Amino acid sequence: MNRNIQDGLNFFSKVTPKRAWNALKNVSSYIESKITGNSIHRGLPISISIEPTTSCNLRCPECPSGLRNFTRPTGMLQENLFKQTIDELSETLLYLIFYFQGEPYLHPKFLDLVKYASKKGIYTATSTNAHYLNDENARKTVESGLDRMIISIDGTTQEVYEQYRVGGNLEKVIEGTKNVLRWKKELKSNTPHVIFQFLVVKPNEHQLEDVRKLANEIGVDEVGFKTAQIYDYQDGSALIPSIDKYSRYKKNTDGSYRIKNKLLDHCWKMWHSCVITWDGLVVPCCFDKDAEYRLGDLKRKSFKEVWQSEPYKHFRKSLTDSRAEIEMCKNCTEGTKVWG
């Protein structure tokens, strides 16, 4: 069976009547909000991203974790806070991403958290730089029930890889990937669905075919080419790729750069998903890396209270009025092709 089809069937096996009904309420609320310009939401999120930690072992140039330039504190997700949130949402939640900032495997109980969510029938995913996938962690990963593993591999030679993954070791990434794939075979498991994520930047754009070949040789399930978000893009950047398909930015006649995306006054993400930081803050989406737009605190309120709160309603309404007025939305690719 095609491995992508297999992953799709696994995903849809997680759909229950309650989760399907909640998804329908999400879609209908979003459509009604677009038409009326009001903030209407009758459901709960279909998907959430939760942050195991802000700590990271690498120093990637366009990542707040790597640059160590957060204004919010660094820390680890507390197990009781995680379980409290999952217990509240498990009947309607379909997709759980264990990632926001940082390296998830630095959390000492990361795979225990995955196992807890997996046992509730939620589709679980994570994104990792794969430096901690030793034999023991690889086996525990497969045993945890993790459904999807995105492995960042932004180069097929060490010289190219380390230009973006500063401080990284490509050999460790490949070895860790092989460990997971070996344990999948040993334990006769179809999960996790392993994806090589290739962030296309100028230094590595000549290795697109090489990473496909490498993935095929190793037995990786899928390769995803992702466009890069550049913070200070206006005057150009050495990271902006020359291949137009993989660039979020367009060069103007005066030599400056602009975002290709048109800021349409709506955003599906605000209706079907959100992000929870390691310390329980609920923020709108993954573009709010420093948790500037804090819509609630799960240490003080239940998730449902936050999701239907006045601050959340106001934020959704502001998106239907003018996304251009929201600072984090100005460098957003919602509605454009992020994955290649």
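This is a predicted model: local features need pLDDT of at least 70, side-chain atom pairs count only at pLDDT 80 or more; totals for chains, interfaces and linings use all residues.
Visitor: Is Glu-51 buried or exposed?
Guide: The relative accessible area of Glu-51 is 0%. Buried means under 20%. Glu-51 is therefore buried.

Visitor: Which backbone nitrogen lies 3.3 Å from a polar atom of the side chain of Glu-51?
Guide: Not counting residues up to four places away in sequence, Glu-51 touches several residues, including Arg-72, Leu-77 and Phe-100. Ile-276, Thr-277 and Trp-278 are also among them. The backbone nitrogen at 3.3 Å from a polar atom of the Glu-51 side chain belongs to Gln-101.

Visitor: What is the C-alpha separation of Gly-102 and Pro-61?
Guide: Gly-102 lies in the loop between strand E2 (95-98) and helix H5 (110-118). At 7% relative accessibility, Gly-102 counts as buried. Gly-102 and Pro-61 are 41 residues apart along the chain. Their C-alpha atoms are separated by 13 Å.

Visitor: Which side chain makes a polar contact with the side chain of Asn-129?
Guide: Asn-129 lies in the loop between strand E3 (123-128) and helix H6 (135-144). Asn-129 counts as buried, because its relative accessibility is 3%. Leaving aside neighbours within four places in sequence, its contacts include Cys-56, Leu-58, Glu-103 and Tyr-161. The polar contact, at 2.9 Å, is with the side chain of Asn-57.

Visitor: How many Å separate the C-alpha atoms of Asn-129 and Asp-210?
Guide: Asn-129 and Asp-210 are 81 residues apart along the chain. The separation of their C-alpha atoms is 19 Å.

Visitor: Is Lys-188 buried or exposed?
Guide: Lys-188 lies in the loop between H8 and E5. Its phi is near 55°, a positive value in a residue other than glycine. The relative accessibility is 76%, and exposed means over 50%. Lys-188 therefore counts as exposed.

Visitor: Is the peptide bond from Thr-191 to Pro-192 cis or trans?
Guide: Pro-192 lies in the loop between helix H8 (170-186) and strand E5 (193-200). Most peptide bonds are trans. The bond from Thr-191 to Pro-192 has omega near 5°. That bond is cis.

Visitor: What separates the C-alpha atoms of Ile-195 and Val-220?
Guide: Ile-195 is found in strand E5. With a relative accessible area of 3%, Ile-195 is buried. Leaving aside neighbours within four places in sequence, Ile-195 is in contact with Arg-148, Met-149, Ile-150, Ile-151, Val-220, Glu-222 and Gly-224. Ile-195 and Val-220 are 25 residues apart along the chain, and their C-alpha atoms are separated by 6.4 Å.

Visitor: Which side chain makes a polar contact with the side chain of Gln-229?
Guide: The place of Gln-229 is in the loop between strand E6 (222-227) and strand E7 (249-251). Gln-229 is buried, because its relative accessible area is 14% and the cut-off is under 20%. At 3.2 Å, its polar contact is with the side chain of Lys-289.

Visitor: What radius of gyration does the chain have?
Guide: The chain has 12 helices and 11 strands. Its C-alpha atoms fill a box of roughly 55 × 50 × 40 Å along the principal axes. With 340 residues, a compact globule would have a radius of gyration near 20 Å. The chain agrees, at 20 Å.

Visitor: What share of the contacts with a separation of 6 or more comes from residues 24 or more positions apart?
Guide: Buried residues make up 54% of the 340 residues in the chain. Among contacts with a separation of 6 or more, residues 24 or more positions apart account for 67%.

Visitor: How far apart are the mean positions of the positive and negative charges?
Guide: The chain exposes about 15600 Å², and carbon and sulfur atoms supply 51% of it. The chain has 49 positive and 42 negative charges. Their mean positions are apart by 4 Å.

Technical notes:
Residues are numbered from 1 along each chain as its sequence is written. Side-chain values use heavy atoms; hydrogens and water are left out. Helices (H or I, at least four residues) and strands (E, at least two) are DSSP runs, numbered from the N terminus. The radius of gyration is taken over C-alpha atoms; the globule rule is 2.2 Å times the number of residues to the power 0.38. Buried means under 20% relative accessible area, exposed over 50%, partly exposed in between (1.4 Å probe, protein chains only). Contact means heavy atoms within 4.5 Å. Accessible areas come from the Shrake-Rupley method with a 1.4 Å probe; for residues, only the protein chains shown count as cover. Lys and Arg count as positive and Asp and Glu as negative; His and the chain ends are not counted. The place of a charge is taken as NZ of Lys, CZ of Arg, CG of Asp or CD of Glu. A polar contact is a pair of N or O atoms within 3.5 Å; within protein, one must be able to donate a hydrogen and the other to accept it, and residues adjacent in sequence count only if both atoms are side-chain atoms.
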